[in-house]
Amino acid sequence: MYTFATIAIIAALTLAVTRAVRGPTIFDRILAGNTVGTLAILLLIAIGFLFGRPEWLDIALTYAFLNLIATLTILKYVRYDDLEYDSSEKGPKS
Amino acid sequence: MEAYINMVLLTLLAIVTLTIVRQRNLFSVVVLFGVYSFLMASVMIVLDAVDVALTEAAVGAGISTVVLIGTLHITGSEEMRPSRLALLPIVTAAATGAILIWGTYDLPEFGKADVPINTHVAPFYLEQSIPLMGVPNVVTTILANFRSFDTLGETTVIFTAGLGIMLLLRHKSRKEASKILKKDVVFRVIIKLIIPFIMLFAFYVHFHGDYSPGGGFQAGVMLAGAVILYSIIFGAHEAQRVVPQSVAAFMIPLGVLIYAATGAISFIYGQNYMDYTALASYPKDAHHLGIILIELGVLITVASTMLSIFYAFVERRH
Amino acid sequence: MSQASSLDLLYLMIDVLSGAMILAGSFFIIVGAIGLIRMPDVFTRMHAVSVIETIGAGLLLSGLMIQAGPTLLALKLFFVFVLFFFTAPVATHAVAQAALSAGETPQLSEDRRSKTAAATPVNSNDNEGADD
Amino acid sequence: MDILERIALHYNYVIMIFLMISGLYIVIAKGNMVKKLVGLSLFQTSVYLLYISPAKIIGGTAPILDEKYKIYSNPLPHVLMLTAIVVGVATIALGLALVARIHEAYGTIEEDAILENDTKNPDQDNVSGEDQ
């Protein structure tokens, strides 16, 4: 059961990393990065149960907080002209 | 099972690295570097290095991203197309890699217990942590007690780096108020709700560091992260009303001083430097107290350094 | 005797319930991740990701909570759950807002129809600068 | 078959070396200084992996002592790397601060452009770019 959950999370992690690697827009990467953070938290929890030492969920909380900080930082700078939005990253529609 | 999870995660790590090498948009590079850090932290979890995973996630995914974005914002985010052919670097890197791979033939196989690294001094730490100090988290014991000189050095390095950054980037205060996410009610409400919990949790990580993963380094990064988050949503001006730059600057040496002074107390009682038994009558209490105190020094230095770095980059905009 | 067997039954029920929840959660996590790959543009992908963050993680964590019983562990799992509940929508909201303000528009069905057979993003590696 | 087994048992080292030479390659080949620092960071991270990998013992658990467990992974590398990570980010930030100052003085962070600038007007003291 835990094994299945772990395998599922790792499969999802692989797919999310694929999306982060392929892009095509910067927002896809940010979204995929955020998802990788989420899945890392779930992976941590699942591995804890799988190997029988689940008491370090504290780390998961840290991940969640820091994930939020990273995402919001990136997005603030994207949104408020502080960083030029790069037209070459626009993807298929440009 | 552990070995397989480890291999999959490492492969993903290699793929992300390859993309970082090829990607020319620096903004994407930063995002991918955050992904890389999370994967690395997961690898650390699988390799049973929980304290390291906590630090790597906090530092790599949190603070690194913030600092890199701060720089990009000053310098622009596009890398120029290289003018020369990249043949020589490839050859150099490949040759180095080949030599290193040849070197791994003598390295121990993965996951073996009877290799030199695991038989030399580590069993002593693992066996003596509870009898001598009464602290279950061996990483904390080594960090703050067995090898506390090392950690003093590391704290000083952080202090020095913070000093250097402040010398480099100071004296350029921005006139106009920073852009506040005024209309974004969602962010303001949720972040206001979450920040107290982040701080509370940071102190939990600090004071519970004897029994679970955590300690001054991680707690410091998280505390700084909370203020940075506040600064991102409500503007750097607001954040500096809460924690002024001068206070942050003052606290950097304060932490190092607390650390060094905790060690020096033992002198008064005629003992060696960093011998905590002088701090309380019962040795295990003394060790607990000593560890908490020097970790407090670490916490103050790390938190204020990270915050000063952030302020320095934010203030430096054009 | 009968008490012991009823306790056994209770444990079995707990195991079955939590197992079903964990399996369902894993299923939704995979579904969300596939959506992240297969969906055509960033807004629809966001939608897929929210499947992972709400029902996938929710079911998984609830299943583990049942498995952990009334301990500190379950409380911590609950904290993670609540944290997801607050942070995941904020992060997604931020991505959506930034994408919109940067000029990214949601792909409509008209856009899809007007495109040629290769509706999915063409080989996205085109955008990445290979340096040679 | 022999070589496959060897690679499997040394997989951590192989990946570690790959990360290391990727970092090395970025530092040598790329002209952009932010990218160079990211490469340096990659190099640094590979060293963490080098230290942590041999500390793991299959069947062991994390070095937080408990009555129930007998085998623990080696805590010493964890300590060394934990401090190295925090020091690493501080030094990378110092490097980035230098990059920011270089950008203010030269208007670019590309190595080639800076060298060109220096050879064109060798007498001019570029570093005093405080006037902006």
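Predicted model: local features only at pLDDT ≥ 70, side-chain atom pairs only at ≥ 80, totals over all residues.
Among contacts in chain C between residues at least 6 apart in sequence, what percentage join residues at least 24 apart? The figure is 62%.

**Chains A and C**
- Chain A contains three helices and zero strands, so its pattern along the sequence reads α-α-α.
- Chain A has 94 residues, and 74% of them count as buried.
- In chain A, 58% of the contacts with a separation of 6 or more are between residues 24 or more positions apart.
- Chain C contains four helices and zero strands, and its pattern along the sequence is α-α-α-α.
- Of the 132 residues in chain C, 42% are buried.

**The largest pocket**
- The volume of the largest pocket is about 460 Å³.
- Its lining is made up of 17 residues. Those nearest the centre of the pocket are A:Leu61, A:Phe65, B:Phe197, B:Phe201 and C:Phe79.
- Three helices from three chains each give at least two residues to the lining: α3 (57-79) of chain A, α9 (185-207) of chain B and α3 (72-101) of chain C.
- The largest share, eight residues, is supplied by α3(C).
- Sorted by class, the lining holds 15 nonpolar residues, one polar residue and one charged residue.

**Helix α9 of chain B**
- This helix supplies part of the pocket lining, and B:Phe201 is among the residues nearest the pocket centre.
- The helix has 23 residues, and at 1.5 Å a residue it should span 33 Å. The C-alpha atoms at its ends are 34 Å apart, which agrees with that expectation.
- There is a bend of about 25 degrees at B:Lys192. A proline, B:Pro196, follows within four residues.
- The buried residues of α9(B) include B:Phe187, B:Ile190, B:Ile191, B:Ile194, B:Ile195 and B:Ile198. Further along, B:Phe201, B:Ala202, B:Val205 and B:His206 are buried as well.
- An α-helix has 3.6 residues a turn, so residues three or four places apart point the same way.
- Within chain B, the buried residues of α9(B) pack against α3 (50-75), α10 (216-234) and α13 (283-315). They also pack against α3 of chain A and α3 of chain C.

**The loop between α4 and α5 of chain B**
- B:Gly111 lies in the loop between α4 and α5 of chain B. Its relative accessibility is 10%, so B:Gly111 counts as buried, the cut-off being under 20%.
- Beyond its neighbours within four places in sequence, B:Gly111 is in contact with D:Lys56, D:Ile57 and D:Ile58.
- B:Gly111 and B:Leu47 are 64 residues apart in sequence, while their C-alpha atoms are 9.1 Å apart in space.
- B:Val115 is also placed in the loop between α4 (87-104) and α5 (116-119) of chain B. B:Val115 counts as buried because its relative accessibility is 10%, and buried means under 20%.
- Between the C-alpha atoms of B:Val115 and B:Thr104 the separation is 14 Å, and the two residues are 11 residues apart along the chain.

**The loop between α2 and α3 of chain B**
- B:Asp48 sits in the loop between α2 (26-46) and α3 of chain B.
- The phi angle of B:Asp48 is near 70 degrees, which is a positive value in a residue other than glycine.
- With a relative accessible area of 8%, B:Asp48 is buried.

Notes: Residues numbered from 1 in each chain as written. Chains lettered and ligands numbered in written order. Heavy atoms only, no water. 1 Å grid on protein atoms, 1.4 Å probe; cavity = no way out; pocket = protein on both sides within 12 Å on 5 of 7 lines; lining within 4 Å. Points joined across faces, edges and corners; volume = space filled by probe spheres on them. Nonpolar A, V, L, I, M, F, W, Y, C, P; charged D, E, K, R; others polar. Expected span 1.5 Å × (residues − 1). Bend = angle between axes of the 7 residues up to and from the residue. Buried < 20%, exposed > 50% of the residue type's maximum accessible area, 1.4 Å probe, protein only. Contact = heavy atoms within 4.5 Å.
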